[in-house]
Amino acid sequence: MTAEPLAFELFRSAQRSALHLETRDLYEPEDPDWNEWKAGNHFDPAVRWKTFHDLVRSTTGRGVEVRRTRIVSEPISEYVQFEYDVTEPHNVAAGEQVRWLPRRQTAGLLVPPNDFWVFDEQTVLWNFCDGNGTWVGDERSDDPDLAKLCVAAFEAAWDRAIPHKEYQPS
């Protein structure tokens, strides 16, 4: 039996918010879902990723605000196009608010070099990838000062970012 991801526990215990900042233009280059999408099979992500979709839906259903900002290079990579295409039927349909921030608009922002989640403005979950974009693990921090810094970084990026329905990838 495989252990459940730490993020799932944090989603279930969240009471107010779950904030996610993504900074990479490529994740999991050998991801079979992405490879299937590239081959033209544009599946329903809410069905394919039902476990996470249902987790986010139940979290937002409890009144927890789930927000995600994706910092992206433009023109966007093929992988980011895949993310964009699955965002509406997966993330947004589950109740997430998603915004896109073109990397050229991040000058002056101080954001950590790793993706992260912040739950209830107190718990940080770092997401680590290798140089090729392959996920290599996560790490939890309950340091309140670090959580404040991550929330400030997220909010600064969120304020500049473009809501999903308005963002036109280039």
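Predicted model: local features only at pLDDT ≥ 70, side-chain atom pairs only at ≥ 80, totals over all residues.
R67 is where I would like to start: this arginine is buried, with a relative accessible area of 8%, where buried means under 20% relative accessible area, exposed means over 50% and partly exposed lies in between, using a 1.4 Å probe and protein chains only. Residues are numbered from 1 along each chain as its sequence is written, and side-chain values use heavy atoms, with hydrogens and water left out.

Back to R67, then, which forms a salt bridge with E65, the closest N and O atoms being 3.4 Å apart; a salt bridge here is a side-chain nitrogen of Lys or Arg within 4 Å of a carboxyl oxygen of Asp or Glu.

How do the strands sit together, and in what order? Seven of them form an open sheet, in the order 6-5-4-1-2-3-7, with mixed pairing. Strand 6 (135-141) and strand 7 stand at the edges with a single partner strand each, so one side of each is left without a neighbour in the sheet.

Let me turn to the other charged pairs, of which the structure holds 14 as salt bridges. The side chains of E96 and R68 meet in one of them, at 2.7 Å from N to O. Because E96 lies in the loop between helix 5 (78-92) and strand 3 (97-102), and R68 in strand 2 (residues 65-72), this pair ties together parts that are 28 residues apart in sequence. Both E96 and R68 are buried, and both belong to a network of salt bridges that links E22, R68, R70, E83 and E96.

A further pair is E88 with K165, whose side chains meet at 3.2 Å, N to O. E88 lies in helix 5 and K165 in the segment after strand 7 (162-163), so here the parts tied together are 77 residues apart in sequence. E88 counts as partly exposed at 32% relative accessibility, whereas K165 is exposed, with a relative accessible area of 63%.

Now the nonpolar interior. A nonpolar core is a set of buried Ala, Val, Leu, Ile, Met, Phe, Trp, Tyr and Cys residues joined through side-chain atoms within 4.5 Å. The largest such core has 16 residues, and those touching the most other members are L21, L101, F116, V118, V124, C150 and F154. Two or more residues each come from strand 1 (17-22), strand 4 (115-119), strand 5 (123-129) and helix 6 (144-160), and helix 6 gives the largest share, six residues. A second, separate core of 15 residues includes F8, A18, L55 and A94. As for L21, its contacts, meaning heavy atoms within 4.5 Å, include F116, F154 and A157, leaving aside neighbours within four places in sequence.

A cis peptide bond joins E74 and P75, with omega about 0°, and P75 has its place in the loop between strand 2 and helix 5. E28, found in the loop between strand 1 and helix 2, has phi near 45°, a positive value in a residue other than glycine. E121, in the loop between strand 4 and strand 5, likewise has a positive phi, near 55°, and counts as partly exposed at 47% relative accessibility.

Lastly, the record: an unreviewed UniProt entry carries the annotation "domain: DUF6879" over residues 9-168; such positions are given in the numbering used here, feature names are shortened, and annotations may be inferred rather than shown by experiment. Over residues 9-168 the chain is 38% helix and 26% strand, with the end C-alpha atoms 34 Å apart.

Notes: Helix = DSSP H or I, 4+ residues; strand = E, 2+ residues; numbered from the N terminus. Pairing = 2+ DSSP bridges.
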